[in-house]
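Please open the model in your viewer and keep the selection tool at hand. The stops below go from charged pairs to a nonpolar core, then to a strand residue, a helix and the aromatic rings.

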Amino acid sequence: MFTAPDYFPFLIRQFHRETRWDEHNSYSSFCKSSQEIIDFSIPRGVSVGAGRSIGSGLSSQLVFSMIPNKSSSIGYLAASRPLFTVPPLKSRLDVSANTIFNECDEIAETVTSSGAHKPYTSDAMQVATEYPTNSDVIDGFSVVAAAPVHSDFAFLRRQQIFDERDIQSLLGRIRSGGWKCNWEIGKPDTKHNDSSSSVSKDYMMVAQMYPSLSSITGSYISQRSPTSELTISGVSVAGAHPDLQLIAQYAVNKRRWSSETILATSGKLIGLRSRYNFGNVEALDKAAYAYYCGTDDDARRVLREKTHGRFSIGSEVYYGAQDSSGGVSVGAQYRYDLPLFSELTCVLNPIMGHLSLAWMQQLRPQFCAAARYDFNVYSLNSELAMGVEWQLDHNSIIKAGWSGSQGLRCLIDTRFSNMIFSLGLAFNSDSSSIRLGPGSSAMPSTSSSGMKRLVRSFGLQFQWFL
């Protein structure tokens, strides 16, 4: 098996972040947050990879897998704008340890000792002015002035802002940032005015070649407008049984709703996905932006008004002409953004009789946990899965996940300068998923055949980002 590298998926996320495309505002990402914590992948065998930014918007990736099979991969990525460049070590430390905290000090110092605000100069202050407060609606209600800069609230919030805004934390952005929402969506500009005349059309092209597998994969992403995106992906396999498969997806992503239309040559499949968000979504986005970019007084106001809960519903329908089969699913999600991220999701597939309940909670700024319960009403099979993610510091991340079918899995990521070292372990499970109902003969295995080895597999991965 080939170990998938992290560089290109990370750049694709960076592309969406730079163009302020909300990856979480779609039905396909309904369970993304919990999946990032529970269903993480571990390296297979031993592999070495390197990713490098060649020029403005152009990057390359090279991967060698030595154990268990020798294989290699080389790929190139081109984008309409620069995405990410690893700075020198000295400047990286200066930025992560000093610059961001200095910015927080400057923001906090806009509150004078008398409680009056100095003139605002940043975009965050513009958000604070536009965001409606209780004092704007209820007569006689006044916003309490901010506490001293060195209060516990200011210190803890400064730590949280540092964790969220450390733009040079390479390990955090690649390994632990997949489930985090882009709070810069709420920054005021003309991005979401639904007018494409004044917005440049961004694009990205990715190509990856696997010589040992005689295959090539590629993707083309084009944002035709601020709220629409076209993605075309394909894989070509040469050899005795050549094959070519293509997938086209057109997505519309607006604050209130989103939709996805999918066409695939494999199985002659057509699918439609949709999502609808309730409440004042624009105010929620502005509140999140004001929390992370405003003053401590702005953060207190946002938390006090409790306007950071989001409720969404979604659905999916698909049909495969090749085997004349289809499917449908519906889901509901409640997300709580501040001060710590929390998400509860329920997805039901009535045709298959499958029900999935997922929960994800950020217990501390650097520690989060997730759990998922799957149940089938026809076979009465059920499975419980759990996972945790702990970012020890900006150089180490530990993930652990368990499920009845996959057993215990652990992943340790450590950063040394521009290299990320990953160690993954998968342990054998002595029981499969729990079976409920009459006539069930599944019992825990008492013989040694249920656990021949303690460690089922392990992997080492070395990645350099140049």
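A salt bridge is taken here as a side-chain nitrogen of Lys or Arg within 4 Å of a carboxyl oxygen of Asp or Glu. The model is predicted, and local features therefore need pLDDT of at least 70, side-chain atom pairs count only at pLDDT 80 or more, and totals for chains, interfaces and linings use all residues. Residues are numbered from 1 along each chain as its sequence is written, and side-chain values use heavy atoms, with hydrogens and water left out.

**Salt bridges**

Select Asp202 and Arg81 to begin, whose side chains meet in a salt bridge at 3.1 Å, N to O. This pair links distant parts of the chain, 121 residues apart, with Asp202 in the loop between α7 (170-175) and β4 (203-210) and Arg81 in the loop between β3 (71-79) and α3 (89-108). Helices (H or I, at least four residues) and strands (E, at least two) are DSSP runs, numbered from the N terminus. For accessibility, buried means under 20% relative accessible area, exposed over 50%, and partly exposed in between, with a 1.4 Å probe and protein chains only. Asp202 counts as buried because its relative accessibility is 6%, whereas Arg81, at 24% relative accessibility, counts as partly exposed.

Next select Asp39 together with Arg372, a salt bridge in which the closest N and O atoms are 2.9 Å apart. Here too distant parts of the chain are linked, 333 residues apart: Asp39 lies in the loop between α2 (32-38) and β1 (45-55), and Arg372 lies in strand β14 (residues 367-376). Asp39 is partly exposed, with a relative accessible area of 36%, while Arg372 counts as buried at 14% relative accessibility.

Which residues are linked with Arg372 in a network of salt bridges? The network consists of Asp39, Arg372 and Asp374. Under the rule given above, the count comes to seven salt bridges.

**The largest nonpolar core**

Now select Phe8, Leu11, Leu77, Leu83 and Met204, which have the most contacts inside the largest nonpolar core, a set of 14 residues. A nonpolar core is a set of buried Ala, Val, Leu, Ile, Met, Phe, Trp, Tyr and Cys residues joined through side-chain atoms within 4.5 Å. The elements that give two or more residues to this core are α1 (7-18), β3 and β4, and α1 gives the most, with five residues.

Centre the view on Leu77 and display its contacts, meaning heavy atoms within 4.5 Å. Leaving aside residues up to four places away in sequence, Leu77 touches Phe8, Leu11, Gly57, Leu58, Ser59, Leu83, Met204, Met205 and Val206.

**A residue in β17**

Move to Leu408, which lies in strand β17 (residues 407-416). At 35% relative accessibility, Leu408 counts as partly exposed. With residues up to four places away in sequence not counted, Leu408 touches Gly401, Trp402, Leu425, Ala426 and Phe427.

**Helix α9**

Select residues 296-305, helix α9, which is mostly covered, eight of its ten residues being buried. The buried residues in α9 are Asp296, Asp297, Asp298, Ala299, Arg300, Arg301, Val302 and Glu305.

**Aromatic rings**

Finally, show the aromatic side chains, among which the structure holds eight aromatic pairs. Rings of Phe, Tyr and Trp (its six-membered ring) pair if their centres lie within 6.5 Å; planes under 30 degrees apart count as stacked, over 60 as edge-to-face and the rest as tilted. Tyr7 and Phe8 form a tilted pair because their planes stand at 35°, with ring centres 6.0 Å apart. Tyr7 is buried, with a relative accessible area of 3%, and Phe8 counts as buried at 5% relative accessibility.

Then select Phe278 and Phe311, whose ring centres are 5.5 Å apart and whose planes are at 35°, so the pair is tilted. Phe278 lies in the loop between β9 (269-277) and α8 (281-293) and Phe311 in strand β10 (residues 309-320), so the pair ties together parts that are 33 residues apart in sequence. Phe278 is partly exposed, with a relative accessible area of 38%, and Phe311 counts as partly exposed at 38% relative accessibility.
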